[in-house]
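Take a first look at the structure below. The paragraphs after it lead from one chain to the other.

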Amino acid sequence: MALSFPGRAGRLTVDLPVVALALAALAHWIRGASADALIFLVVTVILLITERRRTSEESFTAQPFRVPGYTVLAAATLVLAFGRDSVPVAVAISAIGLAALVTEWRDPSLPPDRPVPRRGWVWSAVGLSWCLWELISFVYEQAAGGLSLTHPTMSDLVDPLLTSRLAQAAAIAGWLAAGLAMLRAAAAARRP
Amino acid sequence: MSARVVTELGFALIALAAIGLGVASHLAPKRVPKLTSVLAVVMRRRTTRIAFVLAWWWVGWHFFVGH
């Protein structure tokens with residue numbers, strides 16, 4: 001079940017990723033991005049439903065979905081040609097996201113039989129620090145009526161840097177490369 | 001020092017920490033694990049996989065489409 005860690009009787013714990021998704025949906029709703037809120041809410045609900053279904057080892061896919069590295073260059077070229085907020089870029093990003101979600105949704109959770117690498121917590125500390133700092137800025141921004149000059153969020157800081165198409169192309173290449181590295185790590189997790 | 005500078009310094013410090021950890025994990029992988037090796041373990045759970053993928057996708061959507 002998504003709301004507890006299976007096999008840990010007596011240690012009923014809330015599944016943090018599911019809670020994080022629900023909180024993200026709430027944050028999007030508060031900032032007025034109802035479409036984003038709906039996407040996060042729908043994914044949370046579907047995730048809760050699919051995690052309730054029992055799965056077996058046979059339900060694992062034989063081969064993880066592979067994305068060729070040249071798609072990074074293709075995405076950068078697309079942004080260079082059309083710029084952000086264009087229909088081709090919107091279609092490409094939607095397709096990439098949908099493909100990645102479907103790929104990762106196919107396989108159920110694996111048993112937690114591999115230990116987290118020693119000192120792996122340092123990465124969690126950096127990630128949580130960023131989340132906390134972003135949350136503080138977000139709260140200040142909302143309190144200031146949606147635009148905070150004193151406590152800018154990451155979006156407020158990064159957005160002005162993406163005015164030129166060259167910067168946009170570099171940014172989308174970095175975004176896609178990071179995503180592919182993450183998907184490859186997830187694929188490595190499914191190898192026996 | 002203004003509140004804006006403090007906020008920017010906070011983000012810069014976190015970004016520098018991430019870059020520093022990334023470099024350290026390549027120079028001394030026995031002391032600092034690579035991010036991908038940590039992800040490979042935590043992403044064994046489907047809920048974590050989906051949360052990470054959705055968060056990553058949203059960043060792309062937010063900066064390149066959602067204006």
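**A walk through the two chains**

Of the 192 residues of chain A, 22% are buried. Buried means that 20 or more other C-beta atoms lie within 10 Å of a residue's own; exposed means 12 or fewer, partly exposed is in between, and C-beta atoms are placed from the backbone. This is a predicted model, in which local features need pLDDT of at least 70, side-chain atom pairs count only at pLDDT 80 or more, and totals for chains, interfaces and linings use all residues. Residues are numbered from 1 along each chain as its sequence is written, while chains are lettered from A and ligands numbered from 1 in the order in which they are written.

Start with the folding pattern. Chain A has 7 helices and 0 strands. Along the sequence this reads α-α-α-α-α-α-α. Helices (H or I, at least four residues) and strands (E, at least two) are DSSP runs, numbered from the N terminus. Contacts come next: two residues are in contact if their C-beta atoms, placed from the backbone, lie within 7 Å. Among the contacts in chain A with a separation of 6 or more, 52% join residues 24 or more positions apart.

How far can the model be trusted? The scores are ipTM 0.89 and pTM 0.86. pLDDT is the predictor's confidence in each residue, from 0 to 100. Chain A averages 84, and 85% of the residues score at least 70. Chain B averages 91, with 99% of the residues at 70 or above. Residues 1-12 of chain A stay under 50. Where pLDDT is low, the predicted coordinates should not be read in detail.

Now look inside. A nonpolar core is a set of buried Ala, Val, Leu, Ile, Met, Phe, Trp, Tyr and Cys residues joined through C-beta atoms within 7 Å. The largest one has 43 residues. Those with the most contacts inside it include A:Leu21, A:Ile172, B:Leu39 and B:Leu54. The elements giving two or more residues to this core are H1, H2, H3, H4, H5 and H7 of chain A, with H2 and H3 of chain B. H7(A) gives the most, with 10 residues. B:Leu54 shows one link between the chains. Leaving aside neighbours within four places in sequence, B:Leu54 is in contact with A:Leu21, A:Phe40, A:Val43 and A:Leu101.

Follow H5(A) next. This helix has 23 residues and reaches 32 Å from its first C-alpha to its last, close to the 33 Å expected at 1.5 Å a residue. The expected span is 1.5 Å times one less than the number of residues. Its buried residues are A:Trp123, A:Val126, A:Ser137 and A:Glu141. Their cover includes H1 and H2 of chain B. After H5(A) comes A:Gly145, whose phi is positive, near 90 degrees.

Finish with the side of chain B that touches chain A. Here 43 residues of chain B are in contact with 59 residues of chain A. H1, H2 and H3 of chain B each give two or more residues to this side. H3(B) gives the most, with 18 residues. The residues of this side divide into 28 nonpolar, 9 polar and 6 charged. Ala, Val, Leu, Ile, Met, Phe, Trp, Tyr, Cys and Pro count as nonpolar, Asp, Glu, Lys and Arg as charged, and the others, Gly among them, as polar.
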